Amino acid sequence: MSLLRGLAIPAALILLWQGLAMWHDLQSDTLAAPREIILALGAALTGSTIWKDTADTFAAGGLGLALGFGLGAATGVLFGILPPLSRLMRVTVELLRPLPSISIVPIALLIFGFGYSLEIAIVAFATYFPVLVLTENAVRQIEPRLWEVARALDLSFAARVIKIVVPAVVPRLFVALRLAAGIALIVAITVEIAANPMGLGARLMQASASLRPADMFATLFWVAYLGWLLNWVMLRLQGLLFPATRGAPR
Amino acid sequence: MTKVMGPADGSGLLQIQSACVSFGAVEVLAGVDLELRKGEFVCVIGPSGSGKTTLLRLLAGLLPPTSGSVTFRGKAHTKPSRDVAIVFQDYANALLPWRTAEANVSLALEAAGVPRAQRPARIRELLNKVGLGNSTQKYPTEMSGGMQQRLQIARCLAQEPDVLLMDEPFGALDAMTRQKLQDEVLAIVAESSVTAFFVTHDLEEAIYLGDRIIALEPNPGRVCRVFDVNLPRPRNQLSTREMPEFLRLRRELFDFIQQFEQ
């Protein structure tokens with residue numbers, strides 16, 4: 001019910017848009033009427049290129065996310081367990097972290113050239129730091145008493161990580177993964193728009209450059225839908241895997 | 001410095017020699033001598049700020065003395081050992097919330113390298129011993145405070161310790177549960193001949209459980225007096241507490257504590 005109510009305003013805006021377009025007999029290189037956009041989206045989805053582009057974006061974004069998340073979580077656990085190491089690295093991290101990930105495109109381009117590696121590297125860079133910070137925080141918030149229990153039981157370093165740290169931070173780690181997945185999609189498409197001639201971002205740019213507004217908006221709506229779907233799937237997974245976090249801030 | 005313990009002839013299992021502990025400029029313990037003999041039940045009382053918990057952490061090896069020494073079986077005791085188990089007061093924080101009762105006990109067996117095949121039988125036996133035989137699959141959050149503390153005790157027993165250190169273990173429990181657990185701990189200690197060290201602020205509890213009571217005085221914490229408890233075992237919640245010796249000790253301890261309460 002609330003979903004339907006929520007859809008009322010977007011639907012009304014689209015109808016208004018269509019109405020205005022028909023009223024003025026819209027002929028434009030930048031705007032298209034919703035009817036044409038829907039037709040263009042339908043045509044694209046029955047074709048093959050948009051699926052190829054989607055697969056490219058998700059492959060590059062996904063691999064970058066896997067790399068960034070894996071390294072970020074591992075570093076975060078290490079920094080959380082070894083505060084001296086964290087202090088030693090703090091300045092370095094704080095200098096690199098605020099760097100807009102898109103600004104390393106020129107450097108990465110020289111190293112990797114165009115293609116998957118470029119995008120994977122930049123997505124990994126963009127997701128690494130937020131995951132690192134969230135994981136380190138999660139480790140820091142482990143009940144101090146559990147460390148004493150671990151000491152009293154004389155658990156080895158590996159056993160502490162596997163039996164105490166990881167289970168304690170996994171629910172928060174998943175939240176980090178969800179946020180990082182959102183970042184990965186944004187960054188992947190940004191890289192494709194800015195530099196990398198592949199995926200949905202490049203598709204957007206091509207439609208824009210060849211003055212096909214209906215195709216451009218169709219791709220835009222498709223990207224928006226994918227972003228929404230990604231978040232929905234991650235939320236569902238989170239609720240399924242960690243029932244205790246249900247209703248936690250999104 | 002008050003030298004009140006028995007002869008330091010090395011017969012002590014766990015020994016503290018003129019230990020001082022300072023946190024920055026604050027002296028928490030000053031020149032404490034203490035000897036735990038094998039199989040005895042020692043209780044510690046004292047007003048707040050007398051360093052009861054610090055003394056326990058010293059014995060646990062969780063805290064090194066600023067000066068002086070701690071020895072366990074004649075060797076320097078500088079880090080925790082699986083042979084010295086600790087029952088913390090805040091049982092809820094000391095258990096792994098993502099593990100069932102069974103798996104929480106298993107942690108101690110895993111730490112000790114007990115082969116996987118031998119664990120289930122040991123776990124069952126331990127949980128039965130503390131009266132949790134029917135709750136093996138429950139998570140700590142599904143248990144009452146008393147059950148959680150029983151679970152922590154089971155995990156400590158899984159270490160097969162020589163010494164069981166308990167830091168106000170029943171302080172947060174209601175009176176009925178507390179009495180039941182007192183009797184269970186006495187039974188467990190009698191059966192396993194473990195050496196027990198029990199911190200409490202409940203004077204009657206100290207008399208009821210202990211062979212000896214160490215009374216600490218505050219600012220800085222040091223051993224002030226030692227009371228020998230000559231009450232027959234096994235003890236009984238009703239008859240033991242009515243014995244003239246119990247009442248005499250109760251009076252003495254009460255007067256002792258009273259002098260620090262302004």
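This is a predicted model: local features need pLDDT of at least 70, side-chain atom pairs count only at pLDDT 80 or more; totals for chains, interfaces and linings use all residues.
B:Ala111 counts as buried because 21 other C-beta atoms lie within 10 Å, where the cut-off is 20 or more. Leaving aside residues up to four places away in sequence, B:Ala111 touches A:Leu153, A:Asp154, A:Leu155 and A:Ala159, as well as B:Arg82. The C-alpha atom of B:Ala111 is also separated by 8.6 Å from that of B:Gln159, although these two residues are 48 residues apart along the chain.

**Where the chains meet**

Those contacts with chain A lead us to the interface. Here, 12 residues of chain A are in contact with 15 residues of chain B. On the chain B side, β6 (84-87), α2 (91-94) and α3 (101-111) each supply at least two residues. The element that gives the most is α3(B), with three residues.

**Helix α5**

Next comes helix α5 of chain B, which runs over residues 145-158. Its 14 residues reach 20 Å from the first C-alpha to the last, close to the 20 Å expected at 1.5 Å a residue. Is α5(B) mostly covered or mostly open? Mostly covered: 11 of its 14 residues are buried, among them B:Leu151, B:Ile153, B:Cys156 and B:Leu157. The buried residues also include B:Arg150 and B:Arg155. What covers them includes β6, α2 and α3 of chain B, together with α4 (119-129), β7 (163-167) and α6 (175-192). Just after α5(B), B:Glu160 takes a positive phi of about 50 degrees.

**The six-stranded sheet**

Chain B also holds an open sheet of six strands with mixed pairing, in the order β6-β7-β8-β3-β9-β10. At its edges are β6 and β10 (222-228), each of which pairs on one side only. Ignoring direction, neighbouring strands are turned by 20 degrees against each other on average. Strands β3 and β8 of chain B pair in the parallel sense over four bridges; B:Val42 has B:Phe197 in β8(B) as its bridge partner. Helix α9 of chain B packs on the sheet, touching β3, β9 and β10, and its direction makes about 170 degrees with that of β10(B).

The table places some of these elements along the chain.

| Element of chain B | Residues |
|---|---|
| Strand β3 | 41-45 |
| Strand β8 | 195-199 |
| Strand β9 | 212-217 |
| Strand β10 | 222-228 |
| Helix α9 | 244-258 |

Methods. Residues are numbered from 1 along each chain as its sequence is written. Chains are lettered from A and ligands numbered from 1 in the order in which they are written. Two residues are in contact if their C-beta atoms, placed from the backbone, lie within 7 Å. The expected span of a helix is 1.5 Å times one less than its number of residues. A residue is buried if 20 or more other C-beta atoms lie within 10 Å of its own, exposed if 12 or fewer, and partly exposed in between; C-beta atoms are placed from the backbone. Two strands pair if DSSP finds at least two bridges between them. Axes are lines fitted to C-alpha atoms, for helices over the stretch in contact, and angles run from 0 to 180 degrees between N-to-C directions.
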